[in-house]
Amino acid sequence: LEPNDFDGADRVPYLWDLRRLTAGLVLAARLSNEGDADARAVTSRAARDIAREAAVAYARAVTRYAAGATRARITAGDASAILSDLFRRAARDAGRRDELDELTTLTNGARTLKRGEVDPDDPENVLRDLPAEPRASIRAALEAYRATLIAPPPAEFFTVLDAARVMGSGVASFPRVRVLLLVQGPTSAPGDDVILELKELADSGSPGWLPPGVFFDDVATRVMTCARAAWSRPDADPLWGTTTWLGLPVQIRTETAAAKTVRVARMTGDQGTPQALTGLARELGALVARVHASPVPEGANVAQAIRDAIGADVSAFADEQADAATVYADLVLADWERFRQALRERGPLLGFTPDAQDAPTPALRALYETPAPVRDF
């Protein structure tokens, strides 16, 4: 179990991450058990206690890391029915390579990415052809990306078989450019083809919060440094790297059905109980502490500084985080309703009027606009 979303990752005060986790757990408890009002009420009443357990687990893990404990890996889901289900499904799909069935077609021994809707449950998520100029620059971007990998496969591994623009994927990243790349993989046989996701990166929005003001040199350095520091080992995804494409900083990572996510929609039945969410909270609280214990910059004892900031009264610290999480969750739910109202009244641009001076370059315009069908590589 590893973090997998580093678009906005940066060095910020430790409490930001913990507050976000605890508020998220309160929201999960309140929104769990869709369709079962009685079960939702039971878990919702336990929301504060669930958030508190995450804070306790965080504080205790930080203390261990401050004393020099080895950074722990979560390799099984025994602590919670939610994680048990996640590990079970991940192990199942790792062997089946379901992403190839879901996203590609095999015709006369040649594999290509699908086009149009790929998920009937998500009709806005579609794959489109890439126009000629962006398509032609992919090879050079992959060569630079390969150099950022810890143990790069041979260049032939990244022979491009097909590429398609992904539309309608993500929430905060909805406007970001995403492309699926179908590459040859270990051999020329279609059974071990590999799908990669190329995604535009942007600045994190966070200034250098730690005095005297620590900034990363560029977006790619920030993302790769944070990813490898957050993981229990730097090659948790051996194909996770960065490059530049069409002047855009981008990350490239494995697209696989085996990569599962903790989702509130699955928090029903035995996965929607207070016990299941409490077990999840403890594991995630300790995981965030492990991320924070990473020595960034190298050699820094960040865990010791956080332990000293928390102090000896872990109970009072946990109560503070649980109370703050409850207030934050109230605000998030209220903001969500306000956003929905604004969306209904103002449309998807929320009243924004584009400025003609901000028009993209011809290559980017070709990428943003609906292209004609071309698939030759």
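Begin by selecting helix α3 (residues 47–66) and helix α10 (residues 302–310), which pack with their axes 8 Å apart at an angle of about 135°. The axes are lines fitted to C-alpha atoms, for helices over the stretch in contact, and angles run from 0 to 180 degrees between N-to-C directions. The helices, like the strands later in this tour, are DSSP runs numbered from the N terminus (helices: H or I, at least four residues; strands: E, at least two). The model is a predicted one, in which local features need pLDDT of at least 70 and side-chain atom pairs count only at pLDDT 80 or more, while totals for chains, interfaces and linings use all residues. Residues are numbered from 1 along each chain as its sequence is written, and side-chain values use heavy atoms, with hydrogens and water left out.

**First stop: α3 and α10**

How are α3 and α10 oriented to each other? They are oblique; angles under 35 degrees count as roughly parallel, over 145 as roughly antiparallel, 65 to 115 as roughly perpendicular and the rest as oblique. The crossing of α3 past α10 is left-handed. A crossing has this name if the near helix is turned anticlockwise from the far one by less than a right angle, and is right-handed if clockwise.

Contact means heavy atoms within 4.5 Å. The contact of α3 with α10 comprises eight nonpolar, two polar and one charged residues. In this classification Ala, Val, Leu, Ile, Met, Phe, Trp, Tyr, Cys and Pro are nonpolar, Asp, Glu, Lys and Arg are charged, and the others, Gly among them, are polar.

**Second stop: α1 and α11**

Select helix α1 (residues 14–31) and helix α11 (residues 314–346), whose axes are 8 Å apart and form an angle of about 60°. These two helices are likewise described as oblique, and their crossing is right-handed. On the α1 side, the residues in contact include Y14, L18 and V26; on the α11 side, they include F317, A324 and L333. This contact of α1 with α11 divides into 14 nonpolar, three polar and four charged residues.

Remain on α11 and select A316, which is placed in that helix. A316 has 39% relative accessibility and counts as partly exposed; buried means under 20% relative accessible area, exposed over 50%, and partly exposed in between (1.4 Å probe, protein chains only). Then draw a distance from A316 to L106: their C-alpha atoms are 59 Å apart, and the two residues are 210 apart in sequence.

Select helix α4 (residues 81–96) and helix α9 (residues 274–292), whose axes come within 7 Å and cross at roughly 75°. This makes α4 roughly perpendicular to α9. Here A81, I82 and L83 of α4 meet A276, L277, L280 and E283 of α9. The contact has six nonpolar residues, no polar ones and one charged.

Next, find Q271 in the loop between β9 (248–254) and α9. Is Q271 buried or exposed? Q271 is buried, with a relative accessible area of 12%. Leaving aside residues up to four places away in sequence, Q271 touches A81, I82, D85, R266, A276 and L277.

Select L182 in strand β6 (residues 178–183). Its relative accessibility is 0%, so L182 counts as buried. Beyond residues up to four places away in sequence, L182 touches several others, among them T104, L113, V160 and I195.

Most residues other than glycine have a negative phi. Select N33 in the loop between α1 and α2 (37–45); N33 is not a glycine, yet has a positive phi of about 55°. N33 is buried, with a relative accessible area of 3%. Then select L246 in the loop between β8 (241–245) and β9. L246 also has a positive phi, near 55°, and is partly exposed at 23% relative accessible area.

**Last view: the whole chain**

Finally, display the entire chain, which has twelve helices and nine strands. Its C-alpha atoms fill a box of roughly 65 × 50 × 50 Å along the principal axes. Buried residues make up 42% of the 377 residues.
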